[in-house]
Amino acid sequence: MNKSDIIEITKANNIYPNKSLGQSFLFNPSIIDKIIIASEISKDDKILEIGPGLGALTKELLSAAGSVTAVEIDSGLVRILRQELGEYDNIRIVHADFLKIDLQDQFTKVVSNLPYSSASEILFCIAEKYKIKELYIMLQKEMAERIVSTPGSKSYGALTVTLGLYYDPRILFNIDSKSFYPEPDVISSFIKLIYNEDNDLSKEEVVLFHKVVRSVFWGRRKRLLKVLSVSPHLKLPLNLLNEIFYKINIDKNIRGENLDVQDFKYLVKNINIAIKEECITL
């Protein structure tokens with residue numbers, strides 16, 4: 001499927017991609033081949049693809065993998081996918097909003113060009129609901145850089161830390177806008193995320209982790225001690241925080257954006273212990 005094919009198919013089916021929602025169709029065959037190779041797909045793989053669009057990547061996934069489940073929200077695109085991919089017996093096309101369904105399948109990998117408007121929500125849904133071991137995701141370069149950023153950097157934020165609880169991310173390569181139709185206004189990145197098997201937080205600690213992270217980046221540039229006592233997400237007594245900081249040897253003047261994921265986990269575990277000991281209700 002080349003650019004001319006995409007233009008012809010979209011016009012024939014009255015499909016008008018919404019660039020503001022990130023609806024741009026990948027067609028560059030060399031980039032698609034690069035994605036397939038980088039994703040290390042084999043016939044043992046059960047692939048989940050979210051937002052397959054017109055199916056250019058989907059076709060190559062079907063040839064390389066054991067099976068593909070393609071979830072598409074747009075009814076017009078679903079109709080085209082069923083026409084274009086009808087010859088394959090290893091595909092399941094699901095017409096639904098990925099964020100609102102519950103797929104019972106066990107997938108080995110996600111390989112997707114995510115819609116930019118909902119990429120972060122989709123990533124967290126995969127992490128919390130499906131725990132798929134390997135993700136190979138195309139998204140906006142700016143978001144990819146936020147995901148892999150380091151403590152203290154300008155792009156380091158809640159997305160970095162929260163996704164870092166679940167996955168170890170790495171940018172594999174960038175993709176220019178000319179590989180898509182219509183051309184997006186941004187460069188894309190293809191990233192690899194490997195599930196963290198050593199996440200030892202309990203369910204209640206994970207809930208607390210999210211509250212702590214939201215608090216820290218709600219009060220970016222504020223001292224960690226201060227922000228955890230006044231945040232709308234988590235208000236802890238200052239005396240309790242002082243005791244915790246003293247116990248685990250954290251500088252009272254440190255800012256939360258200078259902590260890495262492991263630091264956040266350690267802090268959350270100790271906050272959780274102190275909350276239980278003091279019988280504090282959050």
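Helix axes here are lines fitted to C-alpha atoms over the stretch in contact, with angles taken between N-to-C directions. Everything shown below comes from a predicted model.

**Close-up 1. Helix 2 meets helix 3.** Here's where helix 2 (residues 29–38) and helix 3 (residues 56–64) pack: their axes come within 10 Å and cross at roughly 40°. The two helices are therefore oblique to each other, and the crossing is right-handed. On the helix 2 side, look for Ile32, Ile35 and Ile36, which touch Ala56, Leu57, Glu60, Leu61 and Ala64 of helix 3. Sort these contact residues by type and you get seven nonpolar, no polar and one charged.

**Close-up 2. Helix 7 crosses helix 8.** Now for residues 158–166 (helix 7) and residues 203–218 (helix 8), whose axes come within 9 Å and cross at roughly 160°. That angle is over 145°, so helix 7 runs roughly antiparallel to helix 8. This crossing is right-handed. Helix 7 brings Ala158, Val161, Thr162, Leu165 and Tyr166 to the contact, while helix 8 brings Val206, Phe209, His210, Val213 and Phe217.

**Close-up 3. A look into the second largest pocket.** This pocket has a volume of about 270 Å³. Its lining has 19 residues, and the closest to its centre are Gly164, Tyr167, Asp168, Pro169 and Val261. Helix 7 turns up again here: along with strand 7 (167–175) and helix 11 (261–278), each supplies at least two lining residues. By type, the lining of the second largest pocket splits into eight nonpolar, seven polar and four charged residues.

Key: Residues are numbered from 1 along each chain as its sequence is written. This is a predicted model: local features need pLDDT of at least 70, side-chain atom pairs count only at pLDDT 80 or more; totals for chains, interfaces and linings use all residues. Side-chain values use heavy atoms; hydrogens and water are left out. Axes are lines fitted to C-alpha atoms, for helices over the stretch in contact, and angles run from 0 to 180 degrees between N-to-C directions. Helices (H or I, at least four residues) and strands (E, at least two) are DSSP runs, numbered from the N terminus. Angles under 35 degrees count as roughly parallel, over 145 as roughly antiparallel, 65 to 115 as roughly perpendicular and the rest as oblique. A crossing is left-handed if the near helix is turned anticlockwise from the far one by less than a right angle, and right-handed if clockwise. Contact means heavy atoms within 4.5 Å. On a 1 Å grid over the protein atoms alone, a cavity is a set of points where a 1.4 Å probe fits but cannot get out, and a pocket is an open set with protein on both sides within 12 Å along at least five of seven lines; lining residues have an atom within 4 Å of a point. Grid points are joined across faces, edges and corners, and a volume is the space filled by probe spheres set on the points. Ala, Val, Leu, Ile, Met, Phe, Trp, Tyr, Cys and Pro count as nonpolar, Asp, Glu, Lys and Arg as charged, and the others, Gly among them, as polar.
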